[in-house]
Amino acid sequence: MPRIGSCLLIALAAALAVPARAATPADEARRLDDLLYFVHELDRGWDPLLDEVRRTIDGLAGRSRDEITGVLTVRDEAAWLRAEHLFATRDTAHEERCAELYRWLAADAVEGERRASSTRRLADLLIRRGERLERAGDEDGALAAYLEAVDNAPSYEAGYEKVGALGVRQAQRRADAQDFDGALATLGEVLARIERGLPEGHPRLREASGRRDAILAGTGVLTVRFLGDADRLARVRGPKTDFRAGTLSLAPQDGGATPPDGPSAAARRVRAGSYRVTAR
C-alpha cells in the first residue's frame, strides 16, 4: 500500500499538469493555496508550484491587481517560503535563485511588511556572499556585494561597516600601486554610500574621507600638452612625432615610487614630485 506522502506527491503532480479551469481569480487563489499546502507539507515541488503560479497570473492578464490580490498573496507566500528554504541551506549553488526570489518579493509583494522583510533578507544574503568572496580573495566581487546590500537596505548599518572597511583597504592598495585614479574612484563609491548611512563623525566616515583627502593633497593630474600652432604641429605629425598615440614613462627624480607607464593621450593622477618624462 503506498504511503500517504507518495499519494500526495502524485496528486500534486497531476494537479499541476491539469490546465486551470477556474472561472474566477478567487477560485484560482483557492486552487493555488491548496497546492501550496501540499508542497509545504511534502517540502518538494516548489519550483513547479512557482511555475504554475506564474502561468496562472499570465492567464489572468487584463485583470486589475485588486482582482488578483488573492493569487498574488499565494505567490508571495510560496516565493518567500522557497527563498527562506534556500537561504537556510547556505548552498552557493542556489544562492542566485534565492536572491532572485527576494528581489522579486522586495519589488512586487502585495504587503509592505513582506517587501521590507525581503529587502532585509536580500541584504543579509549579499553580505554573506561578500564575506565569502572576501575570504576567497575576490575583493572586487565582495565590495560589489556589500554595495548592493546597502543599496537594497539603506538602514543596514552593518553593511555600511563592511563597505567602509573593505573600500578603504582596497583604495589603499591601489594608491600603493600608484593607481590614484582607481583609489579615488573606489573611495567615491564608498563615500557615496556611507555618508548617507552612517552618522556624522563615524570612524568609517573619517577614515574614508581622510584617505581621499590625503590622496588629493599628495597627487596631481598630469596632462601632456603640445605647444605651438595646431596647423604646424599637424603638418609634422608622423611615427616619430605623434607622441599622443604613444606611451609615457615617468622616472622620479626624488627617489619616490615610479608610476606605471600609461598612454600619452590620457590625463592621469600621479604622486606630486619631479619626474623625467619619456614618450615613446
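1. Ground rules. In this predicted model local features need pLDDT of at least 70 and side-chain atom pairs count only at pLDDT 80 or more, while totals for chains, interfaces and linings use all residues. Residues are numbered from 1 along each chain as its sequence is written, and side-chain values use heavy atoms, with hydrogens and water left out. Helices (H or I, at least four residues) and strands (E, at least two) are DSSP runs, numbered from the N terminus.

2. Helices α6 and α7. Take α6 (residues 112-135) and α7 (residues 139-152): they pack at an angle of about 165°, and their axes are 8 Å apart. That makes α6 roughly antiparallel to α7. On the cut-offs, angles under 35 degrees count as roughly parallel, over 145 as roughly antiparallel, 65 to 115 as roughly perpendicular and the rest as oblique. Axes here are lines fitted to C-alpha atoms, for helices over the stretch in contact, and angles run from 0 to 180 degrees between N-to-C directions.

3. What touches what in that pair. Among the contact residues (heavy atoms within 4.5 Å) are Leu-122, Leu-126 and Gly-130 of α6, along with Ala-142, Ala-145 and Tyr-146 of α7. The contact residues split into 9 nonpolar, 4 polar and 4 charged.

4. Helices α8 and α10. Here the angle is about 20°, with the axes of α8 and α10 (residues 203-218) 9 Å apart. So α8 runs roughly parallel to α10. The contact includes Gly-164, Ala-165 and Val-168 of α8, and Ala-208, Arg-211 and Ile-215 of α10. By residue type, this contact has 5 nonpolar, 2 polar and 4 charged.

5. Arg-54 pairs with Asp-58, with the closest N and O atoms 3.7 Å apart. These two sit 4 residues apart in helix α3 (residues 46-59), so about one helical turn separates Arg-54 from Asp-58. Asp-124 and Arg-120 also meet in a salt bridge, at 3.5 Å from N to O; both lie in helix α6, 4 residues apart.

6. A bridge between helices. Arg-169 and Glu-134 form a salt bridge, their closest N and O atoms being 2.3 Å apart. This pair links distant parts of the chain, with Arg-169 in helix α8 (residues 157-176) and Glu-134 in helix α6, 35 residues apart. Arg-169 is partly exposed at 34% relative accessible area, and Glu-134 is partly exposed at 24%. The cut-offs: buried means under 20% relative accessible area, exposed over 50%, partly exposed in between (1.4 Å probe, protein chains only).

7. A network. Glu-95, Glu-96, Arg-103, Arg-129, Arg-132 and Glu-148 are linked in a network of salt bridges.

8. Leu-32. Look in helix α2 (residues 25-42) for this one. Leu-32 is buried, with a relative accessible area of 0%. Leaving aside neighbours within four places in sequence, its contacts include Leu-49, Val-53, Val-71 and Val-74. Leu-32 and Val-71 are 39 residues apart along the chain, yet their C-alpha atoms are separated by 7.4 Å.

Conventions. Nonpolar A, V, L, I, M, F, W, Y, C, P; charged D, E, K, R; others polar. Salt bridge = Lys/Arg side-chain N within 4 Å of Asp/Glu carboxyl O.
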